[in-house]
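Keep the viewer open while you read.

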Amino acid sequence: MVIEIMKWNVYGKIGVVSALVIGGTIAGTSVFAKEKISQAEIEKFEMMANVDALMRRQKASFAGFEEFKKTIYKEPWEYGVYIVNGDTPISTDIELLDYFNGEIKADWKSTKFGVQLDSRIDKLTADAPDGYIVAWDNAKKRNLTYCVSTTFGSLHDSVVDAVKEATGAWEKASDVKFIYRPEFDSACTNQTYSVVFDVRPVDVNREYLARAFFPRYNRLQRSVLIDKSSFDLEPGNLTLTGILRHEFGHVLSFRHEHTRPEAGACFEDDRHIPLGDYDPFSVMHYPQCNGLGDWSLDLTKKDKKGAACIYGPGPETDAETSCS
Ligand SMILES: [Zn+2]
């Protein structure tokens, strides 16, 4: 099972820099590079990203699973996950092997330069590992409780605000409700069972900006982890709130829009079900994967429509954003 998280990667000399993930208190601090991730850097490496990914897949397919596993970043703490596709979490070795056999090896055989050659899916895109969508049920969708760890320190309040704004965007578009439970902030971990998920800081040295989880994940892996680098962004379109809008899309079961063949880049796998027409402007589409949106990462009408299709209409759903 592939756990989807948000991955924002800048390949090349910086290495893989992206993903939203689960975390824990990061062991050790240290080596956080002081350079900022600039828009220019992102643009500079975006072309390299696809080529790099393709070459890694090719090598991995030939070298076998053990060699492949060495190339995959794994969070260095208890319950840490493997990260693929930028911010997509994979929880165990068995699931990583499944991913390797089902996606990497098969992908190399069936795709060329990121485009799937014999696609069974031509058309927001929902997580569907076994052929059916796994989303929150009608009770859970209105009771998505969370805490925000006080280990964010002086940044805590700004994170709370960013989370509220990001979740609010999805709440307006669909019948979901995120509920902040600040009474659990002081002991907010992946073992805080009084909430559905936790929001915590990590220092993964830019392996990802943030990562989240899919509804099917168990509590220990239901975390939204924010890397220190997300607080050191250059002024511009890319903001923590935008990153979180994307991440909470994953939390609601949405996959990367660029995994659809129409993107022509950054194909991931076909374990998803399209909810509408391909949307290159989607909040779930990395701009560097032939996306047409910018780094503002706002919800498009099609994003809102897709959310309404899964969870029902929200308070701001209108004729253009209703599921029809
Ligand atoms: Zn993502």
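## A tour of the chain

The protein chain holds 6 helices and 12 strands. Bear in mind that this is a predicted model. Of the 324 residues in the chain, 48% are buried.

How far does the confidence go? The average pLDDT of the chain is 76, and 73% of the residues reach at least 70.

### The core

Let's start with the inside. The largest nonpolar core has 59 residues, and those with the most contacts inside it are Tyr146, Ala210, Leu244 and Leu252. Two or more residues each come from strand 2, helix 3 (93-110), strand 7, helix 4, strand 9, strand 11, helix 5 and helix 6. Helix 4 gives the largest share, 7 residues. As a general rule, nonpolar side chains in soluble globular proteins tend to be buried together.

Leaving out residues up to four places away in sequence, Tyr146 touches Phe178, Tyr180, Arg181, Val195, Val196, Phe197, Asp198 and Val199.

### Strand 9, covered on both faces

Is strand 9 enclosed or open to the outside? All of its residues, 6 of the 6 in 197-202, are buried, so strand 9 is largely enclosed by the rest of the structure. Both faces are covered: Phe197, Val199 and Pro201 are buried on one side, and Asp198, Arg200 and Val202 are buried on the other.

Strand 9 also has partners in the sheet. Strand 7 (residues 144-148) runs parallel to strand 9 and is joined to it by 3 bridges. Within that pair, Cys147 has Asp198 as its bridge partner. Strand 11 (residues 223-227) pairs with strand 9 in the parallel sense too, over 5 bridges. There, Pro201 stands opposite Ile226.

### Helix 4

Does the length of helix 4 match what you'd expect, or differ from it? At 1.5 Å a residue, the 18 residues of helix 4 (residues 156-173) should span 26 Å, and the end C-alpha atoms are 26 Å apart, which agrees.

The buried residues of helix 4 are Val159, Ala162, Val163, Ala166, Thr167, Ala169, Trp170, Glu171 and Ala173. Their cover includes strand 7, strand 8 (178-180), strand 9, strand 11, helix 5 (240-251) and helix 6.

Strand 1 pairs with strand 2 (residues 82-84) in the antiparallel sense over 2 bridges. In that pair, Lys74 has Tyr82 as its bridge partner. In general, strands of a sheet pair through backbone hydrogen bonds, in either a parallel or an antiparallel way.

Most residues other than glycine have a negative phi. Here are two that go the other way.

| Residue | Phi | C-beta atoms within 10 Å |
|---|---|---|
| Arg206 | about 70° | 24 |
| Ser253 | near 95° | 26 |

Where do they sit? Arg206 lies in the loop between strand 9 and strand 10 (210-211). Ser253 is in the loop between helix 5 and strand 12 (272-274). Arg206 is buried, and Ser253 counts as buried too.

### Toward the end of the chain

One last stop is Ser322, in the segment after helix 6 (301-311). Is Ser322 buried or partly exposed? Ser322 has 14 C-beta neighbours inside 10 Å, so it counts as partly exposed; the cut-off for buried is 20 or more.

Setting aside neighbours within four places in sequence, Ser322 is in contact with Lys305, Ala308, Pro313 and Thr317. Ser322 and Lys302 are 20 residues apart in sequence, and their C-alpha atoms are 9.3 Å apart in space.

Methods:
Residues are numbered from 1 along each chain as its sequence is written. This is a predicted model: local features need pLDDT of at least 70, side-chain atom pairs count only at pLDDT 80 or more; totals for chains, interfaces and linings use all residues. A residue is buried if 20 or more other C-beta atoms lie within 10 Å of its own, exposed if 12 or fewer, and partly exposed in between; C-beta atoms are placed from the backbone. Helices (H or I, at least four residues) and strands (E, at least two) are DSSP runs, numbered from the N terminus. Two strands pair if DSSP finds at least two bridges between them. Two residues are in contact if their C-beta atoms, placed from the backbone, lie within 7 Å. The expected span of a helix is 1.5 Å times one less than its number of residues. pLDDT is the predictor's confidence in each residue, from 0 to 100. A nonpolar core is a set of buried Ala, Val, Leu, Ile, Met, Phe, Trp, Tyr and Cys residues joined through C-beta atoms within 7 Å.
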